[in-house]
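Have a look at the sequence and the structure first, then we'll go through it topic by topic.

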Amino acid sequence: ESVIVIAAVNQIPSVDQVRCILTRPIHCINVASIFSNEKNKSVREVIKKRGFVCPEANILVVDDNITNLNVASGLLKKYEAKVLMANSGAECLNAVSSQHVDLIFMDYMMPEMDGIDTLIKIKEMNREDINQIPVIALTANVVSGAREMFMEAGFDDYISKPIETDRMEHALRMHLPKNLIVVRNPLY
């Protein structure tokens with residue numbers, strides 16, 4: 001017996017028996033995909049509450065907007081990550097050169113030095129420990145070809161804003177070193 005929840009895109013129910021979430025608006029094709037076990041972007045597998053944490057991860061969030069910094073920080077704190085914040089490209093460069101960082105979420109549109117310029121400066125530091133940090137672009141301007149543009153620029157991935165919990169979680173699982181991920185509730 002499975003429970004299916006209808007929820008907003010950014011909601012994660014805390015019910016243990018939930019198998020998947022159906023996001024609004026609800027369409028017949030999405031309901032049908034649940035019963036046929038097909039993948040559909042409106043049907044999300046539920047990551048069980050506290051499915052994993054990364055308490056030893058130092059994650060840097062770079063954004064010139066304080067609200068965006070707080071949203072990303074709040075999402076990351078659910079995973080018990082140590083969150084560092086920078087509100088400019090210059091602050092980002094200072095942070096990566098002065099402390100250990102495991103992953104960077106960086107806004108693309110920032111004044112003075114945008115995300116691509118900042119990424120170039122990070123690579124120009126020419127330090128192996130810094131060059132190996134995965135950098136994920138955050139952007140509100142999702143246009144066709146955006147992924148290719150960010151990958152060509154040297155980003156490891158990108159997430160559109162507003163940040164969806166599923167995308168953030170996927171990025172953590174994909175880009176954090178595996179030894180920093182602690183599984184709390186295996187789904188097996």
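**Briefing: loops, cores and helix pairs**

N126 sits in the loop between α4 and α5 (128-131); helices here are DSSP runs of H or I with at least four residues, strands are E runs of at least two, and both are numbered from the N terminus. This is a predicted model, where local features need pLDDT of at least 70, side-chain atom pairs count only at pLDDT 80 or more, and totals for chains, interfaces and linings use all residues. Residues are numbered from 1 along each chain as its sequence is written, and side-chain values use heavy atoms, with hydrogens and water left out.

**The big picture**

- You're looking at a protein with seven helices and 10 strands.
- Of its 188 residues, 44% are buried, where buried means under 20% relative accessible area, exposed means over 50% and partly exposed is in between, using a 1.4 Å probe and protein chains only.
- Take the contacts with a separation of 6 or more: 57% of them come from residues 24 or more positions apart, with contact meaning heavy atoms within 4.5 Å.

- N126 counts as exposed because its relative accessible area is 64%.
- E112 also has a positive phi, near 65°, and it isn't a glycine either.
- E112 belongs to the loop between β7 and α4, and its relative accessible area of 87% is why it counts as exposed.
- K161 and P162 are joined by a cis peptide bond, with omega at about 0°.
- You'll find P162 in the loop between β9 (157-160) and α7 (165-175).

- M110 is in the loop between β7 (103-107) and α4, and its relative accessibility is 8%, so it counts as buried.
- Skip the neighbours within four places in sequence, and M110 is in contact with V62, D63, D64, S88, G89, G115 and T118.
- M110 and S88 are 22 residues apart in sequence, yet their C-alpha atoms are 6.8 Å apart in space.
- D64 lies in the loop between β5 and α2 (66-77), and it counts as partly exposed because its relative accessibility is 37%.
- Between D64 and M110 there are 46 residues of separation along the chain, but 5.9 Å from C-alpha to C-alpha.
- Not counting residues up to four places away in sequence, D64 touches N87, D107, M109, M110 and P111.

**The nonpolar cores**

- The largest nonpolar core has 25 residues, and the ones touching the most other members are L60, V62, V96, I104, M106, I122 and F155; a nonpolar core is a set of buried Ala, Val, Leu, Ile, Met, Phe, Trp, Tyr and Cys residues joined through side-chain atoms within 4.5 Å.
- At least two residues of this core come from each of β5 (58-62), β6 (82-86), α3, β7, α4, β8 (135-139) and α6 (146-153).
- The top contributor to this core is α3, which gives four residues.
- M106, leaving aside neighbours within four places in sequence, is in contact with V62, C92, G115, T118, L119, I122, V135, I136, A137, L138 and F155.
- There's also a second, separate core of 24 residues, including F52, I59, V61 and L76.

**Helix pairs**

- Two packed helices are described by the angle between their axes and the distance between the axes.
- Helix α3 (residues 89-98) and helix α4 (residues 115-124) have axes that come within 9 Å and cross at roughly 25°; axes are lines fitted to C-alpha atoms, for helices over the stretch in contact, and angles run from 0 to 180 degrees between N-to-C directions.
- That makes α3 roughly parallel to α4, since angles under 35 degrees count as roughly parallel, over 145 as roughly antiparallel, 65 to 115 as roughly perpendicular and the rest as oblique.
- On the α3 side, G89, C92, L93 and V96 meet T118, K121 and I122 in α4.
- α2 and α7 pack at an angle of about 65°, with their axes 11 Å apart.
- A72, L75 and L76 of α2 make that contact with T165, M168 and L172 of α7.
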